[in-house]
Amino acid sequence: MGAVSAADARWMGVALALAERGRGRTSPNPSVGCVIVRDGVVVGRGWTQPGGRPHAEAMALQEAGDAAAGASVYVTLEPCAHISVRGPACADLLASSKVSRVVVALGDPDLRTNGKGLVRLAVAGIETIAGVRAEEARATMAGFLTRQASGRPHVTLKLATSLDGCIAREDGESRWITGAEARAHCHLERSRHEAILVGRNTWETDRPKLDVRLSGLESRSPLRVILSSGSGGTDPVWLDSPASISRLPGDHLFVEGGAGAAAAFLAQDLVDRLILYRAPILIGRGRPALGDIGLATLADAHGRWTQTDARQLGRDRLEVYERVRCLRGS
């Protein structure tokens, strides 16, 4: 392994930004970013394409062409080492392109690669460096890592509440608690998930569209899912319990309502990320954001969440929290 420079960290930041472009569209493959740099100039860029192919490295190498020889490659996940009917192994592509260095953020937990990609590059005489901005790479690939470790999608729970924790008036009126900016941000979040879920009561009462209504992103509307103990169909998909999410396609699930569905996922400790939109209003006797989540003591509530983002969206406040748990992958 070679030495890591400030430039390596900076260029990995570019690769991480590219990886975000594919989030929610690349399953069953992770969304990976790749940038190829020669003499301080970017000669190739790539990110995993919809459906998982081409891989980020293949896209970047195609753009770079002959300029890849002698260049440094920055990629957010270890280049794959296994042969697939869908395309060649990226480790082999990089070796044949005669790049000089490959800098990786995160090792691939997929047992078909899991270290083999880096070994193959080293055998080809290519300098390899791993672990550059690894924590950020874990965040960008949280869905893939959760699926690998737990066999289910990464779950984001969204709550939009008043200052006193209500999601609606007592009579059920809820449009709109938050303002236009917060609602637009929520649609952006929807576009980054393969599936979106609400409870049966929310579905039957509100008849939400559960689509993406941002200009240019309409095609990224997620699969609609209803949580209900009763039977349903395939459009939307009906699930009888939170544990059934393992059957859903994709690596990212957005749970949007209502209070019963939110509580059910929290009670089974299936929420990995919490998005809270808080409007500067008081409702008083309204409908609470959550039902019973199975909390035995107040002490059990502490130490479970860490804040990762907070910002103002128009008049509303956005807070993002991550569940404190160990996501495997190195």
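This is a predicted model: local features need pLDDT of at least 70, side-chain atom pairs count only at pLDDT 80 or more; totals for chains, interfaces and linings use all residues.
**Stop 1**

Start with the strands. Select β10, β9, β8, β11, β6, β12, β15 and β14: in that order they form an open sheet of eight strands, with mixed pairing. Go to the edges next. β10 (237-239) and β14 each have a single partner strand, so one side of each is left without a neighbour in the sheet. On average, neighbouring strands here are turned by 25 degrees against each other, direction ignored.

Zoom in on β8 and β11. The two run parallel and are joined by four bridges.

**Stop 2: two threonines on β6**

Stay on β6 and select T156, which lies in this strand. Is T156 buried or exposed? T156 has 0% relative accessibility and counts as buried. Beyond its neighbours within four places in sequence, T156 is in contact with H193, L253, F254, V255, R273 and I275.

T161 is buried, with a relative accessible area of 4%. Show what T161 touches, leaving out residues up to four places away in sequence: C166, I167, I177, L276, Y277, R278, A279 and A289.

**Stop 3: the largest pocket**

The largest pocket has a volume of about 960 Å³. To find its centre, select K158, S174, T202, D206 and E256, the closest of the 39 lining residues.

Colour the lining by element. At least two residues each come from β6 (154-161), β7 (166-169), α7 (180-191), β8 (195-199), α8 (200-206), β11 (252-257), α9 (259-267) and β13 (286-288). Which element gives the largest share of this lining? α7 does, with seven residues. Colour by class instead and you get 18 nonpolar, eleven polar and ten charged residues.

**Stop 4: the second largest pocket**

The second largest pocket has a volume of about 640 Å³. Centre the view on A139, A142, R273, T308 and E322, the closest to its centre of the 25 lining residues. R273 is also one of the contacts of T156.

Four elements to highlight: α5 (134-140), α7, β14 (305-313) and β15 (316-323) each give two or more residues to this lining. α5 supplies the largest share, five residues. By class, the lining has seven nonpolar, four polar and 14 charged residues.

**Stop 5: helix α6**

Select residues 142-150, helix α6. Its buried residues are A142, G143, F144, L145, T146 and R147. They pack against β3 (72-77), β4 (101-106), α5, β6 and β11. G151 follows α6 and has a positive phi, near 70 degrees.

**Stop 6: E57**

Jump to helix α2 (residues 56-64), where E57 is found. At 3% relative accessibility, E57 counts as buried, the cut-off being under 20%. Show the contacts of E57, again without residues up to four places away in sequence: C34, V75, L77, P79, C80, C90 and L94. For a distance label, pick the C-alpha atoms of E57 and A267. These are separated by 40 Å, and the two residues are 210 apart along the chain.

**Stop 7: backbone checks**

Most residues other than glycine have a negative phi, and most peptide bonds are trans. Here are exceptions to inspect.

- S27 to P28: the peptide bond is cis, with omega near 15 degrees. P28 is in the loop between α1 (6-19) and β1 (33-38).
- R53 to P54: this peptide bond is cis too, with omega about -5 degrees. P54 sits in the loop between β2 (41-47) and α2.
- K98: phi is positive, near 65 degrees. K98 lies in the loop between α3 (90-96) and β4, and is exposed, with a relative accessible area of 60%.
- R133: phi is positive, near 55 degrees. R133 is in the loop between β5 (127-130) and α5, and counts as partly exposed at 29% relative accessibility.

How values were computed
Residues are numbered from 1 along each chain as its sequence is written. Side-chain values use heavy atoms; hydrogens and water are left out. On a 1 Å grid over the protein atoms alone, a cavity is a set of points where a 1.4 Å probe fits but cannot get out, and a pocket is an open set with protein on both sides within 12 Å along at least five of seven lines; lining residues have an atom within 4 Å of a point. Grid points are joined across faces, edges and corners, and a volume is the space filled by probe spheres set on the points. Ala, Val, Leu, Ile, Met, Phe, Trp, Tyr, Cys and Pro count as nonpolar, Asp, Glu, Lys and Arg as charged, and the others, Gly among them, as polar. Two strands pair if DSSP finds at least two bridges between them. Axes are lines fitted to C-alpha atoms, for helices over the stretch in contact, and angles run from 0 to 180 degrees between N-to-C directions. Buried means under 20% relative accessible area, exposed over 50%, partly exposed in between (1.4 Å probe, protein chains only). Contact means heavy atoms within 4.5 Å.
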